[in-house]
Amino acid sequence: MDRNRLQHQAASMRRSLFDQGYLDEPFIQLEELQDDASPNFVQEIVTLFYTDSARLIQNIEHALNSRPIDFDKLDDYMHRFKGSSSSIGAKKVMNECTVFREYCSAENAEGCFRSFQQVKQDHAILRRKLEVYLQMVRQAAVSQTT
């Protein structure tokens, strides 16, 4: 596939991630930090985010299944999840983390369960979409050098 077409597809995919509310400004800032000295910077940061968030998801699932539910612990885990989501610009995930934390404050277990399912769904969708986008970016970069 020619370089222009790959670049166009990557740009279109990126635009859709923003238009659909999955990403916001911090992601742009990450991309601006990427340069020839660190050509995989965004990929590395996104990989770290998913490694960290997988651990947090496990911690939250464990805390949700513990009795009695420790809402302070849940809120702490989700606060960290929200922070790491915010740092890469994962807007939809971050917004749902806020909803989850509101349910924690209200000690609403059912709300926490529902919201957590949405957090995991938004997180998984973003992961798939970002993987495709970053793969397109890599392919466009490789085709540019060949």
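A search of the whole structure, which is a predicted model, turns up 7 salt bridges.

**A salt bridge between two helices**
- Glu31 pairs up with Arg14, and their closest N and O atoms sit 2.7 Å apart.
- Glu31 belongs to helix 2 (residues 25-33) and Arg14 to helix 1 (residues 3-19), so this pair ties together parts that are 17 residues apart in sequence.
- Glu31 is partly exposed, at 21% relative accessibility, and Arg14 is partly exposed too, at 25%.

- Arg114 and Glu110 meet through their side chains, at 3.8 Å from N to O.
- These two, Arg114 and Glu110, are 4 residues apart in helix 6, so about one helical turn separates them.
- Arg114 counts as partly exposed, with 46% relative accessibility.
- Glu131 and Arg127 form another salt bridge, at 3.3 Å from N to O.
- Glu131 and Arg127 are also 4 residues apart in helix 6, which again means about one helical turn between them.
- Both partners are partly exposed: Glu131 has a relative accessible area of 46%, and Arg127 comes in at 36%.

**The largest pocket**
- The largest pocket holds about 220 Å³ of space.
- Its lining includes Glu31, Pro39, Tyr133 and Arg138.
- Helix 3 (41-65) and helix 6 (109-145) each supply at least two lining residues, and helix 6 gives the largest share, with 6.
- Sorted by class, the lining has 7 nonpolar, 3 polar and 2 charged residues.

How values were computed: Residues numbered from 1 in each chain as written. Predicted model: local features only at pLDDT ≥ 70, side-chain atom pairs only at ≥ 80, totals over all residues. Heavy atoms only, no water. 1 Å grid on protein atoms, 1.4 Å probe; cavity = no way out; pocket = protein on both sides within 12 Å on 5 of 7 lines; lining within 4 Å. Points joined across faces, edges and corners; volume = space filled by probe spheres on them. Nonpolar A, V, L, I, M, F, W, Y, C, P; charged D, E, K, R; others polar. Salt bridge = Lys/Arg side-chain N within 4 Å of Asp/Glu carboxyl O. Buried < 20%, exposed > 50% of the residue type's maximum accessible area, 1.4 Å probe, protein only.
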